[in-house]
Amino acid sequence: MIEKLADIKSKALDELSSLADFNELEVWRVRYLGKKSELTQILRGVASLSQEQRKTVGASANELRSNLEVLYSENKDALKEQAFQDVETTAKGYKDISLPGRPIPLGRLHPITQTVNEICGIFVALGFQVVEGPEVEWDYYNFEALNIPPDHPARDMWDTLWIDTESGQRPMLLRTHTSPMQIRVMEQTQPPVRVVVPGKVYRYEATDATHESMFYQLEGLAVDEYITFADLKGTLYEFAKRLFGKERRVRFRCDYFPFVEPGVEMAIDCFICGGKGCRLCSGTGWIEILGAGMVHPDVLRRVNYDPEVYTGFAFGLGLERIHMLRYGIEDIRLFYSNDLRFLRQF
Amino acid sequence: MKTPINWLREYVNITLPPHELARKLTMSGTDVGAIETIGGWENIVVGEVVAIAPHPNADRLKLATVDLGSERLTSVCGAPNVAIGQKIPFAPIGAQLLDAENGERIRLKKAKIRGVASEGMICSERELGISDHHEGIMVLPTDAPVGIHLDEYMGDSILDMDLTPNRPDLLSVIGIAREVAALTGETMTTTDTKYIEAGESIVGQASVEIHDPDLCPRYCASLITGVKIGQSPAWLEQRLLACGMRPINNVVDATNYVMLEYGQPLHAFDFDNIADRKIIVRRATNESMYTLDGVARDLSDDMLVIADGMGPIAVAGVMGGAESEVTESTTSILLESANFNAASIRRTSTRFKLRSEASLRFEKGLSPELPLPALKRATQLIAEISGGKIASGIIDIYPGNKEVDPISLTTKKVARVLGIEISYEKIVTVLESLGFQCTLIGAGELQVARPYWRTDVRLAEDLVEEIVRIIGYDELPTTLPSGALPAYIPDPFRALKMRISDILVGCGMQEVVTYSLTSIDTLQRIFPQIAPLKVANPITTEQEYLRTTLRPGLLQVLSSNEKHEENGIRLFEVDKVYFPRAGDLPEERHMLAGVLCGTRHNRSWHGESDMLDFFDAKGMLETLFEHLGLVAVFKPTDDTTLSPGSRATIMIEGENAGTLGELHPRLAEYFDISIHPIILFEIDLQILLTATTGPRQYHPIPRFPVTLRDIAVVVDAKTPAKSVQGIIEDSPLVMMVTLFDVYTGKQVSHGKKSLAFRIEYQSPSRTLTDEEVNIDQQKTLDRLSKELEATLR
């Protein structure tokens, strides 16, 4: 039995020295250490031997197994290391890495959606909620509730697309601005209010490079007990910095919208020339980006907010214009003609 | 509106350069859009014609000797109107002017005209770039100082302003001058209107009645007899032209001049053509009249007219009538200066599509205090330039005379709106500079009376704006709202839309945004049975109806892009469609639609690609639904916009959520798309929203091993694979079923197909034995055989 073990050992060592690769090592392992190997058979048979033999054979067989296991493990490590060395030294697996990769179709959001999302994100961070509203509106919400009764000259500020309705029905229109949502939000909630409303608006307007019959606006409204013009300034200044860069300056000038008082227009200093005057800012150094103001007390009264208790500010901006300014786009019609060669750039 | 700075100077001292003045006006609300410069003439001076001699060689030409102060020069002149004693603009040799023929800048060269050397040129208005007048030389006012540069004498800057509709008072030189005074700390120059009333009393010669005082709060009139109608003096014509108005005759020009100066429209009637010498201000009956533009106008009873003893002679505040128009033969003028109801004027002018200078002012709400001073000024001017005699007295009917209550303003209110304390002294200084009168009635409380021209100021907030627009918004602090956060207003559609868009973008889909308005023709191709909402005043027929489906827009985008796209096109839109509701706003339904076509993979060296097909779109939608936690069932449909055989209704929780299929070739042709196939889907987000609402719970990861079995069954080719799979999935031991092969061909009999499934058996609570799985599988096969006549292959 002992001779047999010696024989196994010598054969095993002999074969081991001539192994070429990992597979052969596995074959070797099965042959000498596997369940059906001679060595395993011997070890299994140890129990049936005499006590004397059990001691010597058992000890030798176990010793041999442990030796072979160590050898297996050492050889395995050496072969692995050899394989790693081969990766470094042979050209196996060489690829022309300048070949293009396998193309994956890339989807994108429409540029106006990207701008809506980005701007809404800024206002959400400033504590505003995003809500949307109907695009087909009653004259009441689009005009009358906003201090623009029929026959008011300010109606000229919004050329309107009217819906064909049966005679005697309340006048219905495509909203000309997102401001009707000021009324709807205030009708449905109590102060404090802080919302922004993105959405499509419509104008009876011949289209050209700077005019569209459909475009996006974003309305903002904040109403509470102590909202001041300084809060309006601060909020919009913060917005301008986050969207156009922290070095931006803002400028407010008096302007008129019937549903705010005082009313202003906000401009940012030109981010191309830094205020020196260039083509983008028509030489003025300033770029007008939005209209704003303090919510008119008559508007508050109309939604049963007491103007002696509550004040608020509102603002509205055209979103294509913002996108156009940021990317140097000169024709607004590009947005809704949806040429993929345009859409893919954003 | 255009306002020459020199005209402003008559009312206020201006020391600022024009661009600085423009900036101050713009910041305070009077938007100066452009500054035009009159002048920039080189070397052109004021001269006086001192002698005229005939040209020796030409009958039409004259030799005019012009005194320039320092020298006398002779010019060959062909103008018919040249005369001794005239002050004229003279261009000596070397001066720059505009060629009267082609308008180009030229430098005057020494030249002989028909044998006589001309030492310079007397200029026409066209040669100076002032107007198109070239019939004769330009004649300057007699007091023009000889020898001075024309630039110095009549160069000017004109402010071109975009005014806001709340400030009719700014549609006047005086109004702008008041703003300038307040912005620069100057005081207004007051001018006195004085004239001699040499004629008989107007009372007795003419009368005025107001029948509708609500539409005409005030009517003032004066009478001037013995006028001579002719051309206005040059200075007056120049001012009108500078303001963009065309001179007509001295009387009409005077009314326009005073309108530009005071902001009050006036109208001159030929007094001899006023029947019964009687003015009646009343609503029209069903009558008609010819307006000044020669158009017959049908009047209705909501319109205000000026009538005489016979009938209407003017559409009040909008346009005069042809019959009482001032003509060359007019000798007596009845001058009207009145106040009309703003809304009524706007309605009438809108109805007639007549937006005159007068109606544009009246519709904004002029002060009823304005007619009187404007009338006096115009009466004076007409008498001055047309040589008439002014009847004594003025007719002034003023039924709308109302006291205007003062406005209470507290420093606290100012602080509440602006967020900063402004001292009472500062407030008073600013308001008084704008013509308001302030009375202190308590600690920090003022009573403020508005000046008559500020009809727009009504509330304390209006006064706050006046204060801040003058001191400047830069003076205000910058803070953020400090109150509590508002109650949450959920907008579930927005959240769902954003989620869906993100998933689809991840699937390689490009979002598009298309017009909500489209043509009736495209809509009827999709939903012939639905009558969409119509726009009453569409811009084009292509944008006349509100869409009831997103499909036309997507297909149009596809059509316009397919020519220049080499690779597959995958588009989607998530937006609203509009379904009419009787007597109410339409239902604005949120939809998702998409189209896919072209090659599945972009052209590359990795190999040829198949075309995108029905199952690409279906797979994507299944991915979307899985992401949203929804189970969709696709059932056959008969949607005629899709090709038979490749069209499905998408059922979610038993509701019809939309359709998916291959575009019918008829529609592809209509939308001019040549690529094939086009896969299209449109889904109602309301159904998805309802189905995704509610709590979702996680399932523990199974701990026990899976037993895999592959089976292939042969069924009738028309049996839906989903029916076979449904039966297999029915077993409680089956965790997952994957269809991995569909085969028709020689190996199975005709009209049959083979479906191969991998079935995963798994229990959440124990390890399944082979025997259990065998029994279960046999049960499934028995059911398949019984219900679908399926055989094991």
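Where is the place of P262(A) in chain A? P262(A) has its place in strand 7, which covers residues 260-269 of chain A. This is a predicted model, and the legends below take you through it one close-up at a time.

**Figure 1. The interface of chain B and chain A.** Let's start where the chains meet. The size of an interface is often given as the accessible area lost when the parts come together. Here, chain B and chain A bury about 7,800 Å² between them, and 56% of that area is on carbon and sulfur atoms. On the chain B side, R416(B), Y473(B) and L585(B) lose the most area to chain A, together 9% of what that side buries. The contact takes 99 residues from chain A and 91 residues from chain B.

Figure 2. Nine salt bridges are counted between chain B and chain A. One of them is formed by K497(B) with E132(A), whose closest N and O atoms are 2.9 Å apart. Strand 32 (residues 569-581) of chain B gives seven residues, the largest share of the side of chain B that touches chain A. Sorted by class, that side of chain B has 41 nonpolar, 25 polar and 25 charged residues.

**Figure 3. Two packed helices in chain A.** Two packed helices are described by the angle between their axes and the distance between the axes. Helix 3 (residues 38-45) and helix 4 (residues 51-89) of chain A pack at an angle of about 145°, and their axes are 10 Å apart. The crossing of helix 3 past helix 4 in chain A is left-handed. Which residues meet here? From helix 3 of chain A come L39(A), I42(A) and L43(A); from helix 4 of chain A, their partners are V57(A), A61(A), N62(A), L64(A), R65(A) and L68(A). Together, the residues of this contact divide into seven nonpolar, one polar and one charged.

**Figure 4. A salt bridge within chain A.** Over all chains, the whole structure has 69 salt bridges. This view picks out the salt bridge of E38(A) with K4(A), where the closest N and O atoms are 3.6 Å apart. The pair links distant parts of the chain, 34 residues apart: E38(A) lies in helix 3 of chain A and K4(A) in helix 1 (residues 2-17) of chain A.

**Figure 5. Backbone details worth a second look.** Most residues other than glycine have a negative phi, and most peptide bonds are trans. Now look at the peptide bond from P191(A) to P192(A): this bond is cis, with omega near 0°. P192(A) sits in the loop between helix 7 (180-188) and strand 4 (193-202) of chain A. Another cis peptide bond joins E261(A) and P262(A), with omega about -5°, and here we are back at strand 7 of chain A, the place of P262(A). In chain B, K353(B) is a residue other than glycine with a positive phi, near 50°. K353(B) is found in the loop between helix 8 (342-352) and helix 9 (357-362) of chain B.

How values were computed: Residues are numbered from 1 along each chain as its sequence is written. Chains are lettered from A and ligands numbered from 1 in the order in which they are written. This is a predicted model: local features need pLDDT of at least 70, side-chain atom pairs count only at pLDDT 80 or more; totals for chains, interfaces and linings use all residues. Side-chain values use heavy atoms; hydrogens and water are left out. Contact means heavy atoms within 4.5 Å. Buried area is the accessible area (1.4 Å probe) that two parts lose on being put together, summed over both. A salt bridge is a side-chain nitrogen of Lys or Arg within 4 Å of a carboxyl oxygen of Asp or Glu. Helices (H or I, at least four residues) and strands (E, at least two) are DSSP runs, numbered from the N terminus. Ala, Val, Leu, Ile, Met, Phe, Trp, Tyr, Cys and Pro count as nonpolar, Asp, Glu, Lys and Arg as charged, and the others, Gly among them, as polar. Axes are lines fitted to C-alpha atoms, for helices over the stretch in contact, and angles run from 0 to 180 degrees between N-to-C directions. A crossing is left-handed if the near helix is turned anticlockwise from the far one by less than a right angle, and right-handed if clockwise.
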